[in-house]
Amino acid sequence: MLKHILKRLGLLIPTLFGVVTLVFFMIALAPGDPARVMLGERANAAQIEQIRQELGLDKPLIQQYGLYLSRVVRLDLGESITSGQKIKDEISERFPATIELAIWAMLFASIVGIILGVTSARKRNSWVDYTTMGGALVGVSMPVFWLGLVLIMIFSVWLDLLPTGGRMNVRYYFEPITNFYIIDGMILWITEGTPKYLVSAFQHLILPTIALGTIPLAIIARTTRSSMLEVLQQDYIKTARSAGIRERRVVYRYALRNALLPVVTVIGLQFGLLLSGAILTETVFSWPGIGKWIYVAIGARDYPAVQGGIIFISTFFVLINLVVDILYSVINPRIRMQ
Amino acid sequence: MSEHTQLELLEIQEPGPWRETWYNLKKNRGAMTGLGIIIFFILLALFAPLVAPQDPLDQLIEARKIPPMTDGYILGTDDLGRDMLSRLIYGARISMVIGIVSVGISLFFGLIIGVVSAYYGGILDKIVMRVIDIMLAFPYILLTIVIVSILGPSLTNAMIAIGISQVPKYARLVRASVLAEKENDYVIAERALGASNLELMFRTILPNCLSATIVQTTLGVGEAILSSAGLSFLGLGAQPPTPEWGLMIASSKEFITNAWWIVTLPGIAILLAVLGFNLFGDGLRDILDPKMRS
């Protein structure tokens, strides 16, 4: 197993190197001059030339690439053209919002998805099974942003139950501590004695969580069901049943454990995909995360920011896939043997 | 006696692979529903000018935001007084074209890269696989967004972006099937008979590697429709006043307080079309390639 892990780790560096290279050259090919974007349409040629020099845009492309690479290695992603701030700071400021939403969406999707998947498998070909699998198929066929808008329309506009967007009631004076608002809400409950921050953070999370979690939920339910069906046919399950062990125990104690192996992989992969799916969800719910930030940066042609944001998310995605792969070989002895 | 049965066996003609698939498919209710939906949308797309009651771009100031089933507007009108039903019907045309063109791009390059890479193997295969791994290291949506923002936002560029970003998926799929197939006896026999490399790759091996690809292609059309709707929603795909479903949702955002149909209907159209391809693709998968069931 150690060999497998080392091999995967060894592939990490070239993959990340490839990601940075690909992003750099793709963005470098993009039309539009960053210097002009910075200065606006009214700038004169001399000013533009000066900025081009400051940004290093007057150098040959290959030299720019070398410079960029050497900075990325030192974890320096440069500065945003539009805000002038360090991209690293902009990302670390917004990333907790994205991660918080992704974690809740994934928790929601995993818990509900596994329960539905197991129930469908146990009651195969019943109406529960048909409804769940039909629902799952509808779930993966739906545009996420549309689901978000429909949820806002029903729960915010018609029923007036939940907020339409943002992370916290804007009228509250709120100083983030960890930037994970649920945790901040709990801390403030203790220090200030009022649960209102926690309640508001929770209310703001509900709709984006459902919107972002629906596709993974559907995929997890389907994976759990088919994996469960396969496991339930195994000899050891028959043995357990014939030994008179109660059905609930057979299903949840013996079958589910083994059936969850492929589900764990799917959950991991979906988590990585959520970060990029967040760009649509965050835009719909004005969620101040990294997805919305990249969306705005694209609109403003802020190429260093787009570059940095995409490298960051892709790196995160690669790392998650690596962790999932290693985790899988740890919990699945059959892979370890190979 | 034994001679007799042998003769009888010989006389029963084996159905061809297409026939057999179709026979199995007909028994799969989900797949047939999916096929029905797909045919429905294709017909709508083909005959849009005949079916649509009005021009999808015709604005009528005095007929803005009319709710469905009033004043002869079956599905109502949008904020500029354009007939929703006609826009949705023309939207089918756009979405079908997007689905087919972008999957066509992925399929074309994916097939060539996958077959050549697996067939020749060696250093070429290694390099190709490395590049594919790197492309797969990007979350798919991000990759399309980057490509579109480079090429500039338009419907054509969205199709190209979606097509390119899915090439690795097809290439990997085809490569795996070709690798499994290329050492088979029939390939060696063909080679011994003097078939050229090109003939071997595309005439001998490829047809035997298509089942997984056909499934992926069907599901891919649905995925492409969803992605292009997402791109249009972000302003990176179709531009106004094109009646593209995703764009229709995007421009309806402000009306969720007073005109539910403008928001809801295009989404239902996307949902139905994608559902059709997913149902059909799932059915095909069950029949063509039982091992791929996830």
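**Domains, chain contact and a helix pair**

Modeller: In chain A, the C-alpha centres of domain 1 and domain 2 lie 33 Å apart. The bounds, 2-73 for domain 1 and 94-337 for domain 2, come from an automatic or database domain assignment. This is a predicted model, in which local features need pLDDT of at least 70 and side-chain atom pairs count only at pLDDT 80 or more, while totals for chains, interfaces and linings use all residues. Residues are numbered from 1 along each chain as its sequence is written, and chains are lettered from A and ligands numbered from 1 in the order in which they are written.

Colleague: How many residues does each domain of chain A give to the contact between them?

Modeller: Two residues are in contact if their C-beta atoms, placed from the backbone, lie within 7 Å. Here domain 1 of chain A gives 16 residues and domain 2 of chain A gives 13 residues. On the domain 1 side, α1(A) gives the most, with 11 residues. That side divides into 12 nonpolar, 3 polar and 1 charged; Ala, Val, Leu, Ile, Met, Phe, Trp, Tyr, Cys and Pro count as nonpolar, Asp, Glu, Lys and Arg as charged, and the others, Gly among them, as polar.

Colleague: How many helices and strands are there in chain A?

Modeller: Helices (H or I, at least four residues) and strands (E, at least two) are DSSP runs, numbered from the N terminus. Chain A has 14 helices and 0 strands.

Colleague: At what angle do the axes of α13(A) and α7(B) cross?

Modeller: Axes are lines fitted to C-alpha atoms, for helices over the stretch in contact, and angles run from 0 to 180 degrees between N-to-C directions. These two axes come within 11 Å and cross at roughly 160°. α13(A) is therefore roughly antiparallel to α7(B), a term for angles over 145 degrees.

Colleague: Which residues of α13(A) and α7(B) meet?

Modeller: Val306(A), Ile310(A), Ile313(A) and Ser314(A) in α13(A) meet Leu142(B), Val146(B) and Ser149(B) in α7(B). By class, this contact has 5 nonpolar, 2 polar and no charged residues.

Definitions and conventions:
Angles under 35 degrees count as roughly parallel, over 145 as roughly antiparallel, 65 to 115 as roughly perpendicular and the rest as oblique.
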